[in-house]
Amino acid sequence: MSRKYRKTRPRVSESDVLPTEHCTELYPHESIIASIKDTADKLKQDQATRGDLKILDRALKELRYAFKVFTPYRKQRKVTVFGSARTLPDDPAYQQALHFGRRMAEEKWMTVTGAGPGIMEAAHVGAGTDMSMGVNIMLPFEQEPNYVIHKDEKLVNLNYFFTRKLLFVKEVHAIVCCAGGFGTQDEAFETLTLVQTGKRDPMPIVLLEAPGGTYWNDWKAYIENNLLKHELISPEDLSLFHITDDIEDAVDEIIGFYSVYNSMRYVNGRLVLRLHVEPSNEFVEQLNIEFKDILESGIITKVDAHDLEMDDEHLVDLPRISLLFNRKNLGRLRQMIDRINSELSPAPGEEEEEE
């Protein structure tokens, strides 16, 4: 399959991930740390129970250490791979995950998994230790770190699922779900919910079938027959995920999303999209026509970097467009990002050199 998009630059992610909503000023680190300490002091006033204190203590320690591990790799593009811990190496789904991890490593993307066996091991085998990160959950069964990431400095061991799940979504730029059990379904639905509600920026969510498989297509049929049919979701919500059994198509879906689009921030209530290519005035006018339905008011305009975006100094020079987004139609926002990527990506053979 020929590549549809130019290669994305893999090391131009935000250095401070996920704080999509900027305040009206950039608070110094010291004041935020002081606020955390103040909250801790209030626990004594609240006469918090020992159990509640233990949960907070353990969660804070886990996240502090995890953030320390991920910080040196923040600018590096990463993909999380979910899937069953029970999948054996001779299973087509295992081989599919292995080849996917290898292809993403070739594109200089790192692969994050739950660090266990099965699909998680397969993706790490493909990516190799240098391009792998692991977020392991400590369970009395089934979940020892796989041999690829075992004892590696990029492995984090966690006690709580909720801290682990935060890292899976917060620290990466794409999600790939292979076949799996309750856990995989939970992770797929939670990621979709976070993106659909705007609690997580739009990102590629690929549901990867084994060659000729029907796992995710059967899942989509359920979604269409029971959620879409009864108007429990909107038609544009189907744009939030992509189902394929083709590795190159999966890679293209992820690479293509970042071929022009880089990231987004809300600045003083307006949504700002950072791009790698400046759109023409004519194209911005076309976006205003095609996506008028997602505007709260006003129009889409080209803007420069705002002072509140200076925490990502390496992204300051990127072109930007700004809009007063209604914060409701996230599926349509995804469609607009796809439209921008499709329009502004160079023709085959005109790809820029990677940075």
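Two strands are said to pair if DSSP finds at least two bridges between them, and helices (H or I, at least four residues) and strands (E, at least two) are DSSP runs, numbered from the N terminus. The views show a predicted model, in which local features need pLDDT of at least 70 and side-chain atom pairs count only at pLDDT 80 or more, whereas totals for chains, interfaces and linings use all residues. Residues are numbered from 1 along each chain as its sequence is written, and side-chain values use heavy atoms, with hydrogens and water left out.

**View 1. Strands S6 and S7 in the sheet.** Strand S6, residues 205-208, pairs with S7 in the parallel sense over three bridges, and Leu207 has Ile243 in S7 as its bridge partner. These strands belong to an open sheet of seven strands in the order S4-S3-S2-S1-S5-S6-S7, with parallel pairing. Strand S4 (155-158) and strand S7 (242-244) stand at the edges with a single partner strand each, so one side of each has no neighbour in the sheet. From one strand to the next, the twist averages 20 degrees, where angles run from 0 to 180 degrees between N-to-C directions and axes are lines fitted to C-alpha atoms, for helices over the stretch in contact.

**View 2. Helices H2 and H4 on the sheet.** Helix H2, residues 50-70, packs on the sheet and touches strands S1 (78-82), S2 (110-113), S3 (132-137) and S4, its direction making about 170 degrees with that of S4. Helix H4, residues 119-127, also packs on the sheet, touching S1, S2 and S3, and its direction makes about 165 degrees with that of S2. Contact here means heavy atoms within 4.5 Å.

**View 3. Helix H2 against helix H5.** H2 and helix H5 (residues 161-170) pack at an angle of about 30 degrees, with their axes 10 Å apart. The two helices are therefore roughly parallel to each other, a term for angles under 35 degrees, while over 145 counts as roughly antiparallel, 65 to 115 as roughly perpendicular and the rest as oblique. Ala59, Glu62, Leu63, Ala66 and Phe67 in H2 meet Phe162, Thr163, Leu166, Leu167 and Lys170 in H5.

**View 4. Helix H8 across helix H10.** The axes of helix H8 (residues 247-257) and helix H10 (residues 330-344) come within 9 Å and cross at roughly 90 degrees, which makes H8 roughly perpendicular to H10. In this contact, Glu253, Gly256 and Phe257 in H8 meet Arg334, Ile337, Asp338 and Asn341 in H10.
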